[in-house]
Every structure is written in structure tokens, then in C-alpha cells.
Amino acid sequence: MPRIRPALAGLLAAAAAAAAVGCSTGKPPAIDKGSLAEAQVFPYFKVYWAGPSFDGNALAAVDGLRSYLPTVGDSVYYGDCVHHKGIFGGGSCLLPLQVTTVMYSLHSNATLGPQRNTVIRGVPAVVYDEGRSIELYTGRVAVDIFSDTYSHASSAAEQLLPINAPGSATGDLPPPIYCPGLSGPQESAVNAVLQRLPRHICRRTASQSTYDNRLSS
């Protein structure tokens, strides 16, 4: 089961209850055009997906506006065992791919457990959950990839593009406008990307943190 960001921790109990449902072995019904259209006009921020199919798995469900919860974000799901929308949409079945986009709020990644900071598509990212999960930082959002293997997670990261805005599945993603709360060692490539973020945001965030600590001490 993937570790998740601290902002989602309060939803674990509900997710565990949903996990009691077994996996489906049948082919899921095709996603209806209304659900896809709803995701394509989602108004609050760019929602990322890996296209209409991923590694032979059709797009099975999308959240859209009616299912949107700010603390959880908006998700797209691929595979044949989507039991419900939200965290761990596959219940007890590990989906080949779930991509969740959420407005970023500053937090430390220390709770993710063993992790590796890296650069993917030109933006900072963290790989965790034994490689099955990746979080990328772009624009105003964080994009969480939950998968069944590192190969799937890595492949999905290279195919990400917005479902509700112009964009490409190749090339760099837009840089984040915030400084992500990375934890642990950082490669030189990661530090270089952080230093190039707009408005020197990482330097300013560090200065603000130092100032706040002095006030509270």
C-alpha cells in the first residue's frame, strides 16, 4: 500500500474500509463521455493524466468537479478494478495506475519513508513506496502517481499531460511556483533545479523559515 502525503493521512480510515472489496476480474465498462467531459473542463487547476489508455489499460474513471475534494485533489484511474474514487481507488486491488493532482500545500516529505529525490521532466520529484509511487512538483500543484510497479510509475511520469488544458506528453513540465518540502539527500541536479525556480522561491522559503524559527525560540 503506498505511503501518502500528510495532507491525506486523515482519509486512511475510510480508504481501509473500502479496501475490503475484492478485485474484479472482468473488463470494466468504458468510461462515459459525460465523466470525461467533466474532467476536461475542470476549472481550478491543471489535472494530469497519461492519456486515454496506459500500457494497454483503458482509462476506467475520472473524478471531475462533482467528486472534487480540495484535500484529496482530482484523480484519473486506469485498470479493471476501480471500486471507488479517491485514495486507493482499487480497494484491495492495486491499480496499474492512478494519477492524482492536488493543489500543493507546504509539507515535509519525511513521512513518506525511504525515498529518493530526483528530477523528472525538468521538475523536482520524489520516488517512494519502493518505486511504486512518484510525486512531481509543477505549477501550483503536486502530481501523485500511484502504481503497481516502478516501471509503470516511471513510464506514467514520462507520459503526463493535462486533461483540461493544452500541453504535451513530451518535454519539460512547468516549474513549480513554490519550493517543495523535499527530505533527505539531494542530487546536484535536484539542487540545480531548485535554485532555478521562479523568483528564487527556495531561497526565500528558507529565509522565511529561519526568521520564523528565530521568532519562536
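A polar contact is a pair of N or O atoms within 3.5 Å; within protein, one of the two must be able to donate a hydrogen and the other to accept it, and residues adjacent in sequence count only if both atoms are side-chain atoms. Keep that in mind for later. The model you are looking at is predicted, so local features need pLDDT of at least 70 and side-chain atom pairs count only at pLDDT 80 or more, while totals for chains, interfaces and linings use all residues. Residues are numbered from 1 along each chain as its sequence is written, and side-chain values use heavy atoms, with hydrogens and water left out.

Let's start with the whole chain. Its secondary structure comes to 5 helices and 10 strands; these are DSSP runs numbered from the N terminus, with helices being H or I of at least four residues and strands E of at least two. Of the 217 residues, 47% are buried, where buried means under 20% relative accessible area, exposed over 50%, and partly exposed in between (1.4 Å probe, protein chains only).

Now find strand β9, residues 141–147. Here 7 of the 7 residues are buried, so β9 is largely enclosed by the rest of the structure. Val141, Val143, Ile145 and Ser147 point one way from the strand, and Ala142, Asp144 and Phe146 point the other way.

Which strands pair with β9? Two strands pair if DSSP finds at least two bridges between them. Strand β5 (residues 97–103) runs antiparallel to β9 and is joined to it by 7 bridges, with Val102 standing opposite Ala142. Strand β8 (residues 133–138) is also antiparallel to β9, over 6 bridges, and there Glu135 has Asp144 as its bridge partner. β8 and β9 form a hairpin with 2 residues between them, and Gly139 in the turn has a positive phi of about 55°.

Next, visit Asp74, in strand β4 (residues 74–78). Asp74 is buried, with a relative accessible area of 1%. Its side chain reaches the backbone nitrogen of Gly64 at 3.0 Å. Leaving aside neighbours within four places in sequence, Asp74 is in contact (heavy atoms within 4.5 Å) with residues including Phe42, Val47, Tyr68 and Val99.

Finish at helix α4 (residues 188–195), where Val190, Val193 and Leu194 are buried. Seen down the axis of α4, the buried residues fall within an arc of 100°, so they line one face of the helix. That arc is taken from the directions from the helix axis to the C-beta atoms.
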